[in-house]
Amino acid sequence: ESMDLACARAAALGSCLRAVRNRHHRGRIGAWAEQCAAQGMVSIHFVNVVSTPSVAPFGGRAPRVGTNPFAVGVPRKDAPPAIVDFATSRIAVGKVRVAHNTGAALPEGMLLDGEGNPTTDPGAHFREPKGAILPFGEHKGWALAFACEALAAALSGGQTQKGPKSRDAVINCLMSIVVDPRVIGTQESFFAELEDFIRWVQTPGPTGGDVLLPGDAERRMREERLASGVPIDRRTREQLIASATKAGLPEQEAIGLINS
């Protein structure tokens, strides 16, 4: 509803700055960028995460912030939109959990253990004292995570992450900037310049290569998963069933939903 309101305001005035503060889990932020792009809007989204801290700031060795995602949606003419969507951590917490559930090691340089030492053991993130994920790009990821706290939370009047987890629910604040190229008078040049740029970056060099646009890999994966199903390891499957039954769903019904 908030994104539809933001798009309507941008369609009337050219742009809109909209915040949603102190709400529960936002889900995949790229979905909101896709929603705006489907209406012809360019959008930028900053999100902070108030929960159990999971990411160490650059220079730190203890978890102090969440994975604080950032997204940008860019519509294209007669083509799927480009969707920038990533956590400001080097890896998402969900991917750490999957590695832990399957017994796989993480690549070096992604995680610190509870003592602040580098580790490839994903279990270090869930044991006490909890380990920390590192920010992507060192100081750059940390700076963007800081911007998410400042813009999505502090500027909107919402909560920042300022201590250990204080409630069961994950709290997110979202700050979105939505722009309608049609209203500000740049639609034709916007699409033309964008496609010229895309043709240039996707022109193979002397050694070839396959240049994907932001969002292409996710679209390919979606098509593959729709055709072949989503692989779920045994432990994750057990956790999903346990969560469903805890919420009141009969076990057999939960199993049927997961299997479908």
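The structure is a predicted model, in which local features need pLDDT of at least 70, side-chain atom pairs count only at pLDDT 80 or more, and totals for chains, interfaces and linings use all residues. Residues are numbered from 1 along each chain as its sequence is written, and side-chain values use heavy atoms, with hydrogens and water left out.

**Around F126**

F126 sits in the loop between β6 (118-119) and β7 (132-133). Helices (H or I, at least four residues) and strands (E, at least two) are DSSP runs, numbered from the N terminus. Now show what touches F126, with contact taken as heavy atoms within 4.5 Å. Leaving aside neighbours within four places in sequence, F126 is in contact with V96, R97 and H100. For a distance, pick V47: F126 and V47 are 79 residues apart in sequence and 23 Å apart in space, C-alpha to C-alpha.

Next, select β5, β6 and β7. They form an open sheet of 3 strands in the order β6-β5-β7, with antiparallel pairing; two strands pair if DSSP finds at least two bridges between them. β6 and β7 stand at the edges with a single partner strand each, so one side of each is left without a neighbour in the sheet. Strand β5 (residues 111-112) is joined to β6 by 2 bridges. Select L112 and its bridge partner in β6, P118.

**The nonpolar cores**

A nonpolar core is a set of buried Ala, Val, Leu, Ile, Met, Phe, Trp, Tyr and Cys residues joined through side-chain atoms within 4.5 Å. The largest one has 14 residues, and F46, F70, V74 and A152 have the most contacts inside it. Two or more residues of this core come from each of β3 (70-76), α4 (139-154), β8 (171-179) and α6 (187-201). Which element gives the largest share of this core? It is α4, with 4 residues. Zoom in on V74, which is in contact with P81, A82, F190 and L194, neighbours within four places in sequence aside. Apart from this core lies another, of 13 residues, among them M3, A6, C7 and C16.

**Pockets and cavities**

On a 1 Å grid over the protein atoms alone, a cavity is a set of points where a 1.4 Å probe fits but cannot get out, and a pocket is an open set with protein on both sides within 12 Å along at least five of seven lines; lining residues have an atom within 4 Å of a point. Grid points are joined across faces, edges and corners, and a volume is the space filled by probe spheres set on the points.

The largest pocket holds about 1600 Å³ of space. Of its 38 lining residues, select H25, A92, V93, G94 and K95, the closest to its centre. Elements giving two or more residues to the lining are β2 (42-50), β4 (79-86), α3 (93-102) and α7 (216-228).

Move on to the second largest pocket, with about 200 Å³ of space. Of its 13 lining residues, P53, P63, R64, K130 and P164 lie nearest its centre.

End with the cavities: there are 2 of 30 Å³ or more.

Notes:
Buried < 20%, exposed > 50% of the residue type's maximum accessible area, 1.4 Å probe, protein only.
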